[in-house]
Amino acid sequence: MRYLYLFFLLTVSAACLAEAGAPPRGQLPAQILGVRIWPAPDNTRIVFDLNSPVSYRMSPPGKTGRIELDLSNVAFTQLSPTFNTKKSFMTRFTSTPSAQGMQVTMELKEGVQAKSFVLSPNQEYGHRLVVDLFPDKVPVADAYINMPAAPALKNTPSAPPLREIVVAIDAGHGGEDPGARGRKGTVEKDVVLAIARKLEALIKLEKGMRPVMIRDGDYFVSLRKRIEKARSQKADLFISIHADAFYKPEARGSSVFTLSQSGATNEASRWLASRENASDLVGGVSLDDKDELLASVLLDLSQTATIEASIDVGTSVLDALKGIGKVHKARIEQAGFVVLKSPDIPSILVETAFISNPSEETKLRDARHQQALASALMKGVRTYFAKRIPVGPTLAEQEPAPHEHIVARGETLAGIARVYQISAENLRSANRKLSGRLLHSGDVLYIPQFLADVSD
């Protein structure tokens, strides 16, 4: 009788679950493991981490100023993610149970559109549902192209117009894409952003140069948008900073890549397919009114010159990197990386070190080594532009201004000299007021010929 009673209870329970809309046996509802929100200057990405695939439906913002995300066959979870409403395109996030599973409501700022998609598991994350928010008045593909141009420099009417040399600094990965990870937990996206910011600071000190940060926070930027942002700012040089990884921990050293010829050929076909949007790729010559052959020849000439310039600046940067440590290859390498494919901007990709190598991972975590890497990149950039001043008078042709360094705790004269790629003797001679005593935190050092002692 006891077993019969137990069977009766189980049968009734199963019937009740079926009436409540529970999934059939063997199909448990998906679990939401968490929500991550990545605010970027031109978009906000909301990522739902799941333990299994999920069915959903998202309503358009319309006039209500909100989107409703209906998730089917999902166990209800109270979600209360924290986010900065000033930096995000979303003002409020709420979750409530529904007959099918749960509903997430996102209140949006005025004039925001949304798109959504699912992502399959990878080495870093499991199943994900992604919602991207963009300004409604700016097409998604043109989010970076329509950025405002830099303010014009004031000149006297009689003087020829002067312009700054623009260097685009691209910190690889970001946000949903962490990049490679070291054994100590070091994440590529974090260290390359730190190096990029240090390079930005050095370029700001250079008279006549202006840095443009492609990514200046922990958010995702697509590869094509990185190119678009550099082009919208009329960059004279594009530097993408990364940290390499290999399954063998012994691999070590810096590398510099430029675009391969095969990569350029494939990209030429892409640009020619939409040449109405590529009117300034070949020095201001419009391609939209040229026949296929002439347009192809013009674009090929532009790409060839750009690749040659990329090899030139890449060689200068690699030579500078040799001065601070081991390089992986003695010569620059060529590959088809998407971020190198701008037909009109010399572009290089720098693998600063192997994050998979324990000793190099330690160095990448060290702020002083990050500064040394940034200084080596700066030295290579200055060497390149000393040989190849861009078309048109630039402020960089004038005499560079002197620079100062504020001593931090634990720094030494020899260490500071290595960072700025000058000899300790020259640094000591330029700062005779400090002769005979140890450096102290807060001391100001004059840096002679800032990063200028380069060899041809």
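This is a predicted model: local features need pLDDT of at least 70, side-chain atom pairs count only at pLDDT 80 or more; totals for chains, interfaces and linings use all residues.

Biologist: What makes H6 roughly perpendicular to H7?

Modeller: Helix H6 (residues 358-365) and helix H7 (residues 367-387) pack at an angle of about 85°. The range for roughly perpendicular is 65 to 115 degrees. The angle falls inside that range, so H6 is roughly perpendicular to H7. Their axes are 5 Å apart.

Biologist: Which residues make the contact between H6 and H7?

Modeller: From H6 come Lys 363, Leu 364 and Arg 365. They meet Ala 367, His 369, Gln 370 and Leu 373 in H7. By class, the contact has three nonpolar, two polar and two charged residues.

Biologist: Now the salt bridges. How many does the structure hold?

Modeller: The structure holds 16 salt bridges.

Biologist: Why is the pair Asp 70 and Arg 57 called a salt bridge?

Modeller: The N to O distance between their side chains is 3.6 Å. The cut-off is within 4 Å, so the pair qualifies. Asp 70 sits in strand E4 (residues 66-72) and Arg 57 in strand E3 (residues 55-58), 13 residues apart.

Biologist: How do you know whether Asp 70 is buried or exposed?

Modeller: Asp 70 has 19% relative accessibility. Buried means under 20%, so Asp 70 counts as buried.

Biologist: And Arg 57, buried or exposed?

Modeller: Arg 57 has a relative accessible area of 62%. The cut-off for exposed is over 50%, so Arg 57 is exposed.

Biologist: What makes Lys 189 and Asp 218 a salt bridge?

Modeller: Their closest N and O atoms are 3.1 Å apart. That is within 4 Å, so the pair counts. Lys 189 lies in helix H2 (residues 188-205), and Asp 218 in the loop between strand E10 (209-213) and helix H3 (223-232). The pair therefore ties together parts 29 residues apart in sequence.

Biologist: What is the accessibility class of Asp 218?

Modeller: Asp 218 has 33% relative accessibility. Lys 189, at 8%, is buried.

Biologist: How do you know that Arg 382 and Glu 206 tie together separate parts of the sequence?

Modeller: Arg 382 lies in helix H7 and Glu 206 in the loop between H2 and E10, so the bridged parts are 176 residues apart in sequence. The N to O distance of this salt bridge is 2.7 Å. Arg 382 counts as buried at 16%, and Glu 206 is buried at 6%.

Biologist: Which residues do shared partners join into one network?

Modeller: Arg 36, Asp 49, Arg 128 and Glu 176.

Technical notes:
Residues are numbered from 1 along each chain as its sequence is written. Side-chain values use heavy atoms; hydrogens and water are left out. Axes are lines fitted to C-alpha atoms, for helices over the stretch in contact, and angles run from 0 to 180 degrees between N-to-C directions. Helices (H or I, at least four residues) and strands (E, at least two) are DSSP runs, numbered from the N terminus. Angles under 35 degrees count as roughly parallel, over 145 as roughly antiparallel, 65 to 115 as roughly perpendicular and the rest as oblique. Contact means heavy atoms within 4.5 Å. Ala, Val, Leu, Ile, Met, Phe, Trp, Tyr, Cys and Pro count as nonpolar, Asp, Glu, Lys and Arg as charged, and the others, Gly among them, as polar. Buried means under 20% relative accessible area, exposed over 50%, partly exposed in between (1.4 Å probe, protein chains only).
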